[in-house]
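Subject: Structure for you to look at

Hello,

Here is the structure I said I would pass on. Please open it first, then read the notes below it.

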Amino acid sequence: GYSSAASDVYKRQGYIPVRVYNRIIMNQIATFIKQKRKEAGLTQEEFAIRSGLGLRFVRELEQGKETVRMDKVNQALAMFGAVAIPGKLSVNEKEEV
């Protein structure tokens, strides 16, 4: 973890640790995937089959696990016309996550 001095610097400069940022992003992706899957009327198992992903991966993704592989995250997001990429999304992207 970060020392309290480093933490104070992050707070003063308006930065957050990468680990915290990753947790926030993965929770947003998890919420998006779960909401879209439910809107489509799919169970986790049905979504796993249709997306070509494993059921365990889908469960971990929807729980916001931070260590999931990004290629698989993008495979899941592609089911709903979305993608997670480093940096800014262009205005041509279908939907931002």
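Start with helix H3: the parts that cover its buried residues include helix H2 (18-39), helix H4 (55-62) and helix H5 (70-78). Cover here is a matter of contact, meaning heavy atoms within 4.5 Å. Buried means under 20% relative accessible area, exposed over 50%, and partly exposed in between (1.4 Å probe, protein chains only).

Before going on, note that this is a predicted model: local features need pLDDT of at least 70, side-chain atom pairs count only at pLDDT 80 or more, and totals for chains, interfaces and linings use all residues. Residues are numbered from 1 along each chain as its sequence is written, and side-chain values use heavy atoms, with hydrogens and water left out.

The protein chain has five helices and zero strands. Helices (H or I, at least four residues) and strands (E, at least two) are DSSP runs, numbered from the N terminus. Of its 97 residues, 28% count as buried.

Back to H3, which covers residues 44-51: its buried residues are Phe47, Ala48 and Ser51. Seen down the helix axis, these fall within an arc of 100°, so they line one face of H3. The arc is taken from the directions from the helix axis to the C-beta atoms. Glu45, Ile49 and Arg50, on the other side of H3, are exposed. Just after H3, Gly52 has a positive phi of about 80°.

Next, the aromatic rings. How many aromatic pairs does a search of the whole structure find? It finds two. Rings of Phe, Tyr and Trp (its six-membered ring) pair if their centres lie within 6.5 Å; planes under 30 degrees apart count as stacked, over 60 as edge-to-face, and the rest as tilted.

Phe32 and Phe80 make an edge-to-face pair, with 6.5 Å centre to centre and 85° between the planes. Phe32 is in helix H2 and Phe80 in the segment after H5, 48 residues apart. Phe47 and Phe80 have ring centres 5.5 Å apart and planes at 5°, so this pair is stacked. Because Phe47 lies in H3 and Phe80 in the segment after H5, the pair ties together parts that are 33 residues apart in sequence. Phe32, Phe47 and Phe80 form one aromatic cluster. Phe47 counts as buried because its relative accessibility is 0%; Phe80 counts as buried at 19%.

Lastly, Lys72 lies over the face of Phe57, 5.7 Å from the ring centre. A charge sits over a ring if NZ of Lys or CZ of Arg is within 6 Å of the ring centre and within 35 degrees of the ring normal.

Regards
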